[in-house]
Amino acid sequence: MDWKPTGDTVIVKRVDLAPKERGGILLPQSLSQEIEMGEVVAVGPGSYSSGGTRMDLGLQIGDIVAYNKQVQTQRFIDDDKEYFMVRGIAVLAYRRKAEDA
């Protein structure tokens, strides 16, 4: 994938994790319909603070993120693969890929 996100945007591909891989956290049915899990495939450089300092998102390619799919999320297709552009404010939590954990 050749897309490069701008600002505080990340590009993720959705992943379906087994219940064991979700870290034992059980989400209520209503919440689980709003929360998606995805693997980060590209990270924007971050946004700027009011003082002009760049604020890094702290995410890396390969991280697994939980994000609110109802908040500023856009779906797109590239090379027959589905991706989502997710704003930093929609990312609720993350974990490093298994090799770094």
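Hi everyone, let's begin at a loop. Asp-80 comes out at 77% relative accessibility, so this residue counts as exposed. One thing to keep in mind as I go: what you are looking at is a predicted model.

Where does Asp-80 sit? It is in the loop between β6 and β7.

Now look at Asp-79. Here too phi is positive, about 50°, although Asp-79 is not a glycine. Asp-79 belongs to the loop that runs between β6 (73-78) and β7 (81-87). And is Asp-79 buried or exposed? With 63% relative accessibility, and the cut-off for exposed being over 50%, Asp-79 counts as exposed.

Let's go inside now. Which residues make up the largest nonpolar core? There are 10 of them: Val-10, Val-12, Val-40, Leu-59, Val-65, Tyr-67, Phe-84, Val-86, Ala-90 and Val-91. Three elements, β1 (9-14), β5 (64-68) and β7, each give two or more residues to this core. Apart from it lies another core, made of 5 residues, including Val-15, Met-37, Ile-64 and Ala-66.

Setting aside neighbours within four places in sequence, Val-12 is in contact with Gly-38, Glu-39, Val-40, Val-41, Val-65, Tyr-67, Tyr-83, Phe-84 and Val-86.

On to the aromatic rings. A pair of rings is described by how far apart the centres are and by the angle between the planes. The count here comes to 3 aromatic pairs. One of them is Trp-3 with Phe-76, an edge-to-face pair at 5.9 Å centre to centre, with 70° between the planes. Trp-3 lies in the segment before β1 and Phe-76 in strand β6, so this pair ties together parts that are 73 residues apart in sequence. Phe-76 has a relative accessible area of 14%, so it is buried.

Another pair brings us back to the largest core, where both Tyr-67 and Phe-84 are members. Their rings are tilted, 6.5 Å centre to centre and 45° between the planes. Because Tyr-67 lies in strand β5 and Phe-84 in strand β7, the pair ties together parts 17 residues apart in sequence. Tyr-67 and Phe-84 are both buried.

One last stop: ring pairs link Trp-3, Phe-76 and Tyr-83 into a cluster. Remember that Tyr-83 also came up among the contacts of Val-12.

Notes. Residues numbered from 1 in each chain as written. Predicted model: local features only at pLDDT ≥ 70, side-chain atom pairs only at ≥ 80, totals over all residues. Heavy atoms only, no water. Helix = DSSP H or I, 4+ residues; strand = E, 2+ residues; numbered from the N terminus. Buried < 20%, exposed > 50% of the residue type's maximum accessible area, 1.4 Å probe, protein only. Core = buried A, V, L, I, M, F, W, Y, C linked by side-chain atoms within 4.5 Å. Contact = heavy atoms within 4.5 Å. Phe/Tyr/Trp six-rings, centres within 6.5 Å; stacked < 30°, edge-to-face > 60°.
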